[in-house]
Amino acid sequence: MISLQTVFIAFFGIATIGFGILVFRTSSMVRSALALLFSQTALGAMFLAMQAEFLGVLQIMMMATEMSIMAIFMVMFMMDPGGLGAMEMSHQKRLSILAGVVGALATAGIALFTPWGVVVNVAPPAAEQIRALGTELLGRSMLIFETAGVTILTAMIAATAVALPALQRKRNA
Amino acid sequence: MSPDLLLALFTGAALFGVGIYGALSQTNLVMIMMGVELILAGALVNLVAFWRFLHPDSYAGQMFVLIVMTVMALEMAVGFGVAIARFRARGSVEMEEATELQG
């Protein structure tokens with residue numbers, strides 16, 4: 001008997017993969033960014049289907065903003081963001097397809113043949129999950145959580161420093 | 001084995017494969033970053049599935065998901081910083097033209 005949860009996981013899984021493939025199939029950069037947005041949103045919906053409510057909502061919110069910014073960058077940096085000129089923007093296609101297929105088959109093989117142990121069919125309620133995650137973040141995993149914060153700060157400074165024009169960097173030095 | 005766990009792991013495997021294809025085949029820096037995002041998305045599905053179906057009582061799995069999401073955001077931030085610098089210097093973010101470090 002196939003449960004409703006299985007149906008939803010399969011549906012959103014197929015949507016995630018489908019939109020993921022579409023990212024590299026269209027010649028329009030804006031469509032690529034939107035396809036990635038839909039792929040990541042379907043992934044968030046898949047998390048919701050797996051009863052990870054907080055992570056699902058977080059994924060959808062984060063990726064909506066991230067991919068919108070990406071679409072803006074696409075329009076800024078591309079010579080042909082609309083894909084009207086049908087520019088070729090790929091190379092070593094056969095090798096890439098081979099690497100992708102081998103990578104996917106290897107990971108699928110590992111998933112299939114690994115003895116995963118006892119599968120738990122009942123997830124904790126959403127409120128209990130958020131409370132327990134908060135306790136985890138401010139307890140046992142606090143150091144990792146703080147490290148993530150410092151890493152974000154470092155990346156922000158690094159990204160700004162790299163993006164500054166060379167002349168301004170020289171003047172500051 | 002649970003079909004739900006297998007479905008989630010197969011989705012992760014497919015996203016990993018599509019991401020590898022994208023990261024290797026694209027010539028534009030922003031498109032390569034999209035490939036890396038898909039690889040990390042594959043890792044995210046696996047982590048959520050492991051938490052949900054194998055260890056729902058341990059929240060270290062969800063913590064790991066938050067860290068991977070942070071890595072995704074950082075990759076984008078630094079990647080766009082590099083893209084801006086490259087565009088200012090050369091007027092393009094095509095990686096086939098980035099041969100300065102070639103031996």
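I began at A:Glu128, which is partly exposed at a relative accessible area of 33% (buried means under 20%, exposed over 50%, partly exposed in between; 1.4 Å probe, protein chains only). The model is predicted: local features need pLDDT of at least 70, side-chain atom pairs count only at pLDDT 80 or more, and totals for chains, interfaces and linings use all residues. Side-chain values use heavy atoms, without hydrogens and water, residues are numbered from 1 along each chain as its sequence is written, and chains are lettered from A and ligands numbered from 1 in the order in which they are written.

**Salt bridges**

I looked up the partner of A:Glu128 and found A:Arg131, joined to A:Glu128 by a salt bridge at 3.5 Å, N to O (a side-chain nitrogen of Lys or Arg within 4 Å of a carboxyl oxygen of Asp or Glu). The two residues are three apart in helix H5 (residues 126-137) of chain A, which means about one helical turn between them. A:Arg131 is exposed, at 52% relative accessibility.

I then looked up A:Glu136, whose side chain meets that of A:Arg140 in a salt bridge at 3.2 Å, N to O. A:Glu136 is buried at 10% relative accessibility, whereas A:Arg140 is exposed at 64%. I noted the total over all chains as two salt bridges.

**Domains of chain A**

I took the bounds from an automatic or database domain assignment: domain 1 is 1-80 and domain 2 is 126-173. Their centres, taken over C-alpha atoms, lie 24 Å apart. Each domain puts four residues into the contact (heavy atoms within 4.5 Å).

I noted a buried area of about 290 Å² between the two domains, 67% of it on carbon and sulfur atoms (accessible area, 1.4 Å probe, that two parts lose on being put together, summed over both). On the domain 1 side, A:Gln51, A:Glu53 and A:Phe54 lose the most area, together 90% of what that side buries.

**Chain B against chain A**

I looked up the chain interface next. Chain B brings 69 residues to the contact and chain A 82 residues. The two chains bury about 6500 Å² between them, with 78% of it on carbon and sulfur atoms. Helices H1 (3-25), H2 (29-53) and H3 (60-90) of chain B each supply at least two residues of the side that touches chain A (helices are DSSP runs of H or I, at least four residues, numbered from the N terminus). H3(B) gives the most to that side, 22 residues.
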